[in-house]
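Have the sequence and the model open as you read.

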Amino acid sequence: MLQVYLVRHGETLWNAARRIQGQSDSELTKKGEQQARQVGERVKHLGITHVIASDLGRTKRTAEIIADACGCRIQLDPRLRELNMGVLEQRPLDSLTPEEENWRKTLVNGTEGGRIPGGESMTEMADRMHEALNACLQLPAGSRPLLVSHGMALGVLVSTLLGLPAYAERRLRLRNCSISRIDHQQSEWLAAGWVVETAGDVAHLDEPALDELQR
């Protein structure tokens, strides 16, 4: 059985300011760096062999902190990037026009084919996330990888593993530096292949993590 740990990056300046990030970037806050250290403390005794991260700065920095705790080097994989949010990237949420807010809502309300102009669809993101996950099957026997990615990206990955379409209503909250685990296994009582063991665990964090979409 292959166990894969999934970690969302730590809190960023734009998370705190409620700005749309997508594939643009924002530095971790001091709280975000502390969250990453707390992940490292949580996972350093789990036998992590590979730390693989989105190549965006916020995930790279989170991964560096975790990898240092685990004694690993990091690998970067652009397939683990956040959803491309097109023309709305870098915009404060409260600055969106009604039309722009409708574009954003199509990503979370179950609209098939929803996308922001200039961006990508949830289905396109899900395809590359699954490619990155399935690449873990090529790692040496006994590997235990940890992937550092983003809220929407990890959410669509876990949701589609559960059989939902990529564009399904978004109902899985993965907070900053939450930990999820998925296993590739054969079981008499579960479908063969990837199964979800845990999702969105924040027991290691000393205070609630910010969720940029919640008020």
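## Cysteines

A disulfide here is a pair of cysteine sulfur atoms within 2.5 Å, and the structure holds 0 of them.

C70 is buried at 17% relative accessible area, and C136 is buried too, at 3%. (Buried means under 20% relative accessible area, exposed over 50%, and partly exposed in between, with a 1.4 Å probe and protein chains only.)

## About the model

This is a predicted model, where local features need pLDDT of at least 70 and side-chain atom pairs count only at pLDDT 80 or more, while totals for chains, interfaces and linings use all residues. Residues are numbered from 1 along each chain as its sequence is written, and side-chain values use heavy atoms, leaving out hydrogens and water.

Helices (H or I, at least four residues) and strands (E, at least two) are DSSP runs, numbered from the N terminus. How many residues of α6 are buried? It's 11 of its 11, with M152, L154 and V156 among them. They pack against β1 (2-8), α5, β4 (145-149), β5 and β6 (193-201). Just after α6, G163 takes a positive phi of about 100 degrees.

The axes of α5 (residues 122-135) and α6 come within 9 Å and cross at roughly 80 degrees. That makes α5 roughly perpendicular to α6, a label for angles of 65 to 115 degrees (under 35 is roughly parallel, over 145 roughly antiparallel, the rest oblique). Axes are lines fitted to C-alpha atoms, for helices over the stretch in contact, with angles running from 0 to 180 degrees between N-to-C directions.

On the α5 side, the residues meeting α6 include M122, M125 and L133; on the α6 side, they include M152, V156 and L161. Contact means heavy atoms within 4.5 Å.

## S178 in its loop

S178 is found in the loop between α6 (151-161) and β5 (179-185), and that serine is buried at 2% relative accessible area. A polar atom of the S178 side chain lies 2.8 Å from the backbone oxygen of R175.

Which residues does S178 touch, leaving aside neighbours within four places in sequence? S178 is in contact with L6, V7, R8, G200, D201, V202 and H204.

Key: Polar contact = N/O pair within 3.5 Å; in protein donor to acceptor, adjacent residues only side chain to side chain.
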